Amino acid sequence: QSAAGIAAGPKTVNDALDNYVAYLEAEKKSAQEAKYAIDALIRPVLGNTKLNSLTTEQIRKWFRDLAATAARTRTKKGEEQKYKKANPDEKEQERQRKSTANRVLTKLKAALNRAFDDGHVASDRAWRRVKPFKNVDAARVRFLSSDEIPRFLEAIEEDDFAKLARGALESGARYSELYSFLVRDFNPYTGTLSIYDSKTDKPRHIILSHDATDFFLELTAG
């Protein structure tokens, strides 16, 4: 450590982000999704800033600008950045942008908190003072009707993706949980799916309907 009590290690926001992504990869926690948001939305603005020079106003300006920017779509390297088609409902469009900004702010704070906890920066006040937007994370809930579900599945051209979509509808599992399932996580005798690496870090068991059990039996045959 230095005389100021700062441990040797990350010196810039980019360094802290690198350490955070490495941590996610080691813990097998949605590292790729976090890396995309970090590379596209945090590094270009704040990445080269020294940790001990980072100010609340810098973060707030980045946060406000992010909330005012249209949602991006994945764009090939070297091509002009593409954006999602704006929601015709302006209030919903604003809610979506602010909700996205909140999620990215959470990633930035997580990376900076790790740097602070590890002693690489003297204070966490700069980002602790930046608060997320309120009442923007509750998306409108809409369930597909029994008539819409088969039409939705039939409209999916790729067979593997159709199975993934039906698996989501039958189980209510998150995407990250669905692609992590192993055959042994399905118990055909009790009609359950077991999730051991969940978002809450607590294992849980999904009780399946008879149709869902038959579907997963078909998937795991052999």
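Which residues make a nonpolar surface patch of about 240 Å²? Leu144, Phe152 and Leu169 make it. This is a predicted model, in which local features need pLDDT of at least 70 and side-chain atom pairs count only at pLDDT 80 or more, while totals for chains, interfaces and linings use all residues. Residues are numbered from 1 along each chain as its sequence is written, and side-chain values use heavy atoms, with hydrogens and water left out.

**Figure 1. Overview of the protein chain.** The secondary structure comes to nine helices and three strands. Helices (H or I, at least four residues) and strands (E, at least two) are DSSP runs, numbered from the N terminus. In order from the N terminus, the elements run α-α-α-α-α-α-α-α-β-β-β-α. The protein chain has 222 residues, of which 33% count as buried. Buried means under 20% relative accessible area, exposed means over 50%, and partly exposed lies in between (1.4 Å probe, protein chains only). The protein chain exposes about 15200 Å², with carbon and sulfur atoms supplying 50% of this area. Accessible areas come from the Shrake-Rupley method with a 1.4 Å probe, and for residues only the protein chains shown count as cover. Among contacts with a separation of 6 or more, 58% are between residues 24 or more positions apart; contact means heavy atoms within 4.5 Å.

**Figure 2. The nonpolar patch of Leu144, Phe152 and Leu169.** Patches are made of residues with over 30% relative accessible area and no salt bridge; like charges are joined within 9 Å, and nonpolar side chains (Val, Leu, Ile, Met, Phe, Trp, Tyr) within 5 Å. Phe152 belongs to helix α6, residues 148-154. The relative accessibility of Phe152 is 36%, so this residue counts as partly exposed.

**Figure 3. The open sheet of β1, β2 and β3.** The three strands follow the order β1-β2-β3, with antiparallel pairing. β1 (186-187) and β3 (204-207) are the edge strands, each pairing on one side only. Two strands pair if DSSP finds at least two bridges between them. Two bridges join β1 to β2, and Asn187 stands opposite Thr192 in β2. The hairpin of β1 and β2 has four residues between the strands, and Gly191 takes a positive phi near 65° there. Strand β2 (residues 192-195) pairs with β3 over four bridges; Ser194 has His205 in β3 as its bridge partner. In a regular strand the side chains alternate between the two faces of the sheet. Both faces of β2 are covered, with Thr192 and Ser194 buried on one side and Leu193 and Ile195 buried on the other.

**Figure 4. Helix α9 and what covers its buried side.** Helix α9 spans residues 210-220, and its buried residues are Ala212, Thr213, Phe215 and Phe216. These residues lie on the same side of α9 because they cover an arc of only 160° around the axis. The arc is that of the directions from the helix axis to the C-beta atoms. The cover over the buried residues of α9 includes α7 (159-171), β1 and β2. On the face turned away from the buried side are the exposed residues His210, Asp211 and Glu218.

Figure 5. The whole structure holds 12 salt bridges. A salt bridge is a side-chain nitrogen of Lys or Arg within 4 Å of a carboxyl oxygen of Asp or Glu. Asp18 and Arg43 meet through their side chains at 2.7 Å, N to O. Asp18 is in helix α1 (residues 13-27) and Arg43 in helix α2 (residues 31-46), so the pair ties together parts 25 residues apart in sequence. Asp18 is partly exposed, at a relative accessible area of 40%. Lys35 and Asp39 form another salt bridge, with their closest N and O atoms 2.8 Å apart. Both residues lie in helix α2, four residues apart, about one turn of the helix. Lys35 is partly exposed at 31% relative accessible area, and Asp39 is partly exposed at 30%. In the pair of Glu177 and Arg174, the closest N and O atoms are 3.1 Å apart. Glu177 counts as buried at 3% relative accessibility, whereas Arg174 is partly exposed at 37%. Salt bridges that share partners join Asp18, Lys35, Asp39 and Arg43 into one network.
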